[in-house]
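Subject: Structure handover

Hello,

Here is the structure for you to look through. My notes on what turned up follow below it.

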Amino acid sequence: MIRNIQTIIPGIATSDGAGVKLRRSLGGQNQVRLDPFLMLDEFSSNDPNDYVAGFPAHPHRGFETVTYMLEGHMLHEDHLGNQGHLKTGGVQWMTAGRGIIHSEMPQQVSGAMRGFQLWINLPAKEKMKAAGYKDIQVDEIPKLALENGGAVKVIAGAFIQNGKDVQGPIQGITTSPLFLDVHLPSGAEFEHRIPKELNAFVYVYEGELEIGAPSRSVPKQAAIVLGDGDRFKAKAGSVGAQFIVLAALPLHEPIVQYGPFVMNTRAEIEQAIDDYQNNRFVVS
Ligand code: FE
């Protein structure tokens with residue numbers, strides 16, 4: 001069964017960090033989310049004033065942050081002494097777990113800075129695990145040519161081509177995320193399995209796309225939540241389309257969020273604030 005459009009969550013212009021302009025769809029107005037996805041930000045600007053201030057040191061607890069750089073260069077540093085360069089086409093998958101304090105600062109003063117930051121929740125039993133992260137460079141991400149002239153990058157989960165599974169570099173996450181970046185030329189169709197147990201959404205960042213059967217055109221720069229089914233079907237408009245596809249198993253657990261802390265109860269949030277204020281994020 002083909003998944004049709006269930007809800008459209010527009011990306012609303014906002015800013016975060018020290019004044020980075022971005023569009024927030026999931027996690028924006030009324031904190032509308034799609035379990036286990038908590039937030040999706042798209043940053044995209046050619047104007048350095050929109051991004052140079054970056055994201056100075058700030059904490060996280062209880063979930064994972066995934067940064068996908070379409071264009072640009074940022075330096076990540078954390079309180080554990082880790083350092084990583086996020087460059088064009090690369091991904092950083094960070095497990096905040098029990099706590100991390102990090103900064104994400106642009107390493108450019110001109111040109112385009114473009115990409116996404118996605119927050120994925122952790123199950124209750126993993127919220128206090130040790131922090132960790134994985135930097136994935138562009139050449140570690142499988143890029144597959146499609147017969148219709150399009151291409152797919154497999155960031156997480158598996159893409160099935162000619163009956164063969166092509167695995168992305170991110171594996172072993174409890175919510176079994178699928179993360180694809182799909183480019184289609186004018187009029188090209190795309191169809192792929194998304195198991196019915198997974199919650200799924202699509203975000204078009206360039207061009208025009210129709211989704212579902214019968215197909216409906218969708219707005220750009222919005223999280224398009226998909227309804228029930230086990231297959232995703234889309235067709236690019238006359239100018240082609242570039243979009244990301246995200247899917248993962250829902251956790252069905254209560255969520256209490258206070259800014260960069262996402263836990264299951266109010267008491268756990270109070271503990272997170274207390275731990276942060278008393279330097280217990282730094283001493284592990
Ligand atoms: Fe952060």
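In what follows, contact means heavy atoms within 4.5 Å. This is a predicted model: local features need pLDDT of at least 70, side-chain atom pairs count only at pLDDT 80 or more, and totals for chains, interfaces and linings use all residues. Residues are numbered from 1 along each chain as its sequence is written, and side-chain values use heavy atoms, with hydrogens and water left out.

Start with Phe190. Phe190 touches Leu146, Val152, Phe159, Leu180, Val182, Leu184, Phe232, Lys233, Ala234 and Phe243, leaving aside residues up to four places away in sequence.

Next, the cores. A nonpolar core is a set of buried Ala, Val, Leu, Ile, Met, Phe, Trp, Tyr and Cys residues joined through side-chain atoms within 4.5 Å. Buried means under 20% relative accessible area, exposed over 50%, and partly exposed in between (1.4 Å probe, protein chains only). The largest nonpolar core has 31 residues, and Phe190, Leu209, Ile211, Phe232 and Phe243 touch the most other members. Strands 14 (151–156), 17, 19 (199–211), 21 (222–226) and 22 (231–248) each supply at least two of its residues. Strand 22 gives the largest share, seven residues. Another core, of 28 residues, lies apart from it; Leu70, Ile120, Tyr203 and Val225 are among its members. Strands (E, at least two residues) and helices (H or I, at least four) are DSSP runs, numbered from the N terminus.

Now the aromatics. Rings of Phe, Tyr and Trp (its six-membered ring) pair if their centres lie within 6.5 Å; planes under 30 degrees apart count as stacked, over 60 as edge-to-face and the rest as tilted. The whole structure holds twelve aromatic pairs. Tyr68 and Phe179 have ring centres 5.7 Å apart and planes at 85 degrees, so they pair edge-to-face. Tyr68 sits in strand 6 (residues 63–71) and Phe179 in strand 17 (residues 178–184), so this pair ties together parts 111 residues apart in sequence. Both Tyr68 and Phe179 are buried. Phe261 and Tyr276 are also edge-to-face, at 6.2 Å centre to centre and 65 degrees between the planes. Phe159, Phe190, Phe232 and Phe243 form one aromatic cluster.

Last, Arg61. Arg61 is in the loop between strand 5 (55–60) and strand 6. Its relative accessibility is 1%, so Arg61 counts as buried. The Arg61 side chain makes a polar contact with the side chain of Asp275 (3.0 Å). A polar contact is a pair of N or O atoms within 3.5 Å; within protein, one must be able to donate a hydrogen and the other to accept it, and residues adjacent in sequence count only if both atoms are side-chain atoms. The Arg61 side chain also reaches the backbone oxygen of Arg98, at 2.4 Å.

Best wishes
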